[in-house]
Amino acid sequence: MLLLDSASLYFRAFFGVPEVVGPSGVPTNAVRGLLDMIASLVDRGRPTHLVACWDNDWRPAFRVEAIPSYKAHRVAEPGPDELAGEQVPEALGVQVPIIVDALTALGIARIGVDGYEADDVIGTLATQFSGRMPVDIVTGDRDLFQLVDDANQVRVVYTARGGVRSPDLVDEAFLAEKYGVGTGPAYADMAVLRGDTSDGLPGVAGIGEKTAAKLITTYGTLEAVRAAIADGDPALKGAQRARLEAAADYLDAAPRVVAVAKDAAVPQIDLTAPTSVADPALMSKLAVEHGLTSSFDRVISALGID
């Protein structure tokens, strides 16, 4: 199963592919880039199941309630007749509906759940299919490293550095070598301590990635670290103890923000990779209006559709 963190990929495509304006006058670099990424991924991985996971809510209320700063720096100022939303370049925003139509035309399952991010859809599907088939999660977001599970063949195809053509394949050995933690759950606990400024998560002041990893590997879990503080473990002393104690409120809330949901109400739909074009008329319309013929052809060829 190939689970696509759709927004992560189309943002990367938008910023990485030179702007091209189709016959319609609308930019298409994100659309072209995403379709080409899908073609490359399918051609290499030959998935039997393929899902474009969607952000129905990019900043869910349950995460903001836990930590109000969560993604706060990405909120766009609303216009007179608009609600506040995510900052998205206008030239990208106009392409998202075309991406939706392109996926529909091809018959690639697209799933979002109201009140949840794509990460949560991915977490839910990875959990549901864990142990039933290998699962590859394609993303440029480290948050999803917490889902890595060698025993159940769940790994992350991490595109932040090498793109989809030369990604990092993140398994437990990769986590151990790169971050000093050996499992997905340990990565999540380390991430709580470390924080993530790109998501507005402050972390524990003075606790960097290496110290966070050492604490988690020493005690096993974040819960065990906190229990050791409460029990007066003499190994936790001085400034480190003071910092962890001062961050108690943050440490109460942050795990709820960092943890990917595994129980989102994902609809029961066919997730198998398409064996035929779902809507040829729509695909033809998009191809003509936006100049997408070659990108569609690459996806169709990768899927083995005649």
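# Exercises on rings, cores and buried residues

A single aromatic cluster is formed by Tyr10, Phe11, Phe14, Phe15 and Trp54, where rings of Phe, Tyr and Trp (its six-membered ring) count as a pair if their centres lie within 6.5 Å, planes under 30 degrees apart being called stacked, over 60 edge-to-face and the rest tilted. The model is predicted, so that local features need pLDDT of at least 70 and side-chain atom pairs count only at pLDDT 80 or more, whereas totals for chains, interfaces and linings use all residues. Residues are numbered from 1 along each chain as its sequence is written, and side-chain values use heavy atoms, with hydrogens and water left out.

**Exercise 1.** Describe the chain as a whole by its helices and strands, its radius of gyration and its buried share.

*Solution.* Begin with the secondary structure: the chain has 14 helices and eight strands, taken as DSSP runs (H or I over at least four residues for helices, E over at least two for strands) and numbered from the N terminus. Next, consider the dimensions: the C-alpha trace spans about 70 × 50 × 35 Å along its principal axes. Finally, 49% of the 306 residues count as buried, where buried means under 20% relative accessible area, exposed over 50% and partly exposed in between, with a 1.4 Å probe and protein chains only.

**Exercise 2.** Work out how far helix 1 is enclosed, and classify the aromatic pairs Tyr10–Phe11 and Tyr179–Tyr187.

*Solution.* First, list the buried residues of helix 1, which are Ser6, Ala7, Ser8, Leu9, Tyr10, Phe11, Ala13 and Phe14. Because these are eight of the 11 residues of the helix (residues 6–16), helix 1 is largely enclosed by the rest of the structure. Second, turn to the rings, of which the structure holds 10 aromatic pairs. The pair of Tyr10 and Phe11 is stacked, at 5.8 Å centre to centre and with 20 degrees between the planes; Tyr10 counts as buried at 10% relative accessibility. The rings of Tyr179 and Tyr187 have centres 5.2 Å apart and planes at 75 degrees, and therefore the pair is edge-to-face. Both Tyr179 and Tyr187 are buried.

**Exercise 3.** Find which charged residue lies over the ring of Trp54 and which sits over the ring of Phe129.

*Solution.* Apply the criterion that NZ of Lys or CZ of Arg must be within 6 Å of the ring centre and within 35 degrees of the ring normal. For Trp54, the residue over the face is Arg110, at 4.8 Å from the ring centre. For Phe129, the charged end of Arg132 sits over the ring, 4.3 Å from its centre.

**Exercise 4.** Characterise the largest nonpolar core and the surroundings of Leu125.

*Solution.* A nonpolar core is a set of buried Ala, Val, Leu, Ile, Met, Phe, Trp, Tyr and Cys residues joined through side-chain atoms within 4.5 Å. The largest has 62 residues, and those with the most contacts inside it are Leu3, Leu125, Ile137, Phe145, Leu193, Leu244 and Leu251. Helix 8 (residues 184–194) gives the most to this core, with seven residues. Apart from it lies another core, of 46 residues, including Ala13, Leu106, Ile108 and Leu292. Leaving aside neighbours within four places in sequence, Leu125 is in contact (heavy atoms within 4.5 Å) with Leu3, Val51, Cys53, Ile111, Val266 and Leu271.

**Exercise 5.** Locate Lys71, decide whether it is buried or exposed, and name what its side chain reaches.

*Solution.* Lys71 is found in the loop between helix 3 (61–66) and strand 3 (75–76), and its phi is positive, about 55 degrees, although it is not a glycine. With a relative accessible area of 8%, Lys71 is buried. Not counting residues up to four places away in sequence, Lys71 touches Trp58, Arg59, Glu117, Asp199 and Gly200. Its side chain reaches the backbone oxygen of Trp58 at 3.0 Å.

Terms used
Polar contact = N/O pair within 3.5 Å; in protein donor to acceptor, adjacent residues only side chain to side chain. Rg over C-alpha atoms; globule rule 2.2 N^0.38 Å.
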